[in-house]
Amino acid sequence: LRAPYKFRMSVPSDKGVKPMDLVISIDVSGSVWIPAGSMATAADYITIMVYALIDEAKRINQKVGITLWSDRIKYSTLPKCLDYREVEKIKKEILDVNKWGGTTNIKLALDQAKRFPDKLFIVLTDGAVYTDDLIDVDNVMFFLTMPDERDKEMFLERYGKHRVVIIDDLRNLPKIALKWFRVQYS
């Protein structure tokens, strides 16, 4: 078992020390549907969560990046994370229904996190992935949306309960994500 990983890491900047840039990495595969604006799909709640995190990040001038992935990377701001002046364009990208759909290949998201160890990733998925795709990566926090019991146990066993947040009710997703963000970045 691994010791709890502390996300309150800092990286040097020309203005002193600041928190790590945040990357919201979202599974946009067919199982989450597409944003419909009717609060009928997981994608609707995911969109609200992203909007809330972006607004909170703007408030404290925290840089944010985003990656939308399924069977391929559909969109990513990386290697750049966006500051308060640019971050609004993420909202437009997440609403593009052409970026949603496909099968789930979480290894794409985890490989990306490995390539950018100076950034903190929230990987949001329903957890329906292949066990062999769950590679070791230290800068990822997992938000599992309504996972089945087998998938929940697989993530908890692999990464530990300190790095896996279970969302059993999608209506709570934005509130849980904001609470987590405020603890990390306040």
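Start by selecting Lys99. This residue is buried in the predicted model, with a relative accessible area of 13%. Glu93 forms a salt bridge with Lys99, and the closest N and O atoms are 2.7 Å apart. Is Glu93 buried or exposed? Glu93 is buried, at a relative accessible area of 18%. The cut-off for buried is under 20%.

Next, select Asp169 and Arg171. Their side chains meet in a salt bridge, 2.6 Å from N to O. Check each partner in turn. Asp169 is partly exposed, with a relative accessible area of 25%. Arg171 is exposed, with a value of 60%.

Move on to a group of four. Select Asp55, Lys58, Glu88 and Lys91. Salt bridges that share partners join these residues into one network.

Stay there and keep Glu88 and Lys58 highlighted. Glu88 forms a salt bridge with Lys58. Their closest N and O atoms lie 2.7 Å apart. Which helices hold the two residues? Colour helix α1, residues 42–60, to find Lys58. Then colour helix α2, residues 88–94, to find Glu88. The pair therefore ties together parts that are 30 residues apart in sequence.

Now show the surface around this pair. Glu88 is partly exposed, with a relative accessible area of 35%. Lys58 is partly exposed too, at 30%.

Last, zoom out to the whole model. How many salt bridges does the count come to? The count comes to 16. Among them are the stops on this tour: Glu93 with Lys99, Asp169 with Arg171, and Glu88 with Lys58.

Definitions and conventions
Residues numbered from 1 in each chain as written. Predicted model: local features only at pLDDT ≥ 70, side-chain atom pairs only at ≥ 80, totals over all residues. Heavy atoms only, no water. Helix = DSSP H or I, 4+ residues; strand = E, 2+ residues; numbered from the N terminus. Buried < 20%, exposed > 50% of the residue type's maximum accessible area, 1.4 Å probe, protein only.
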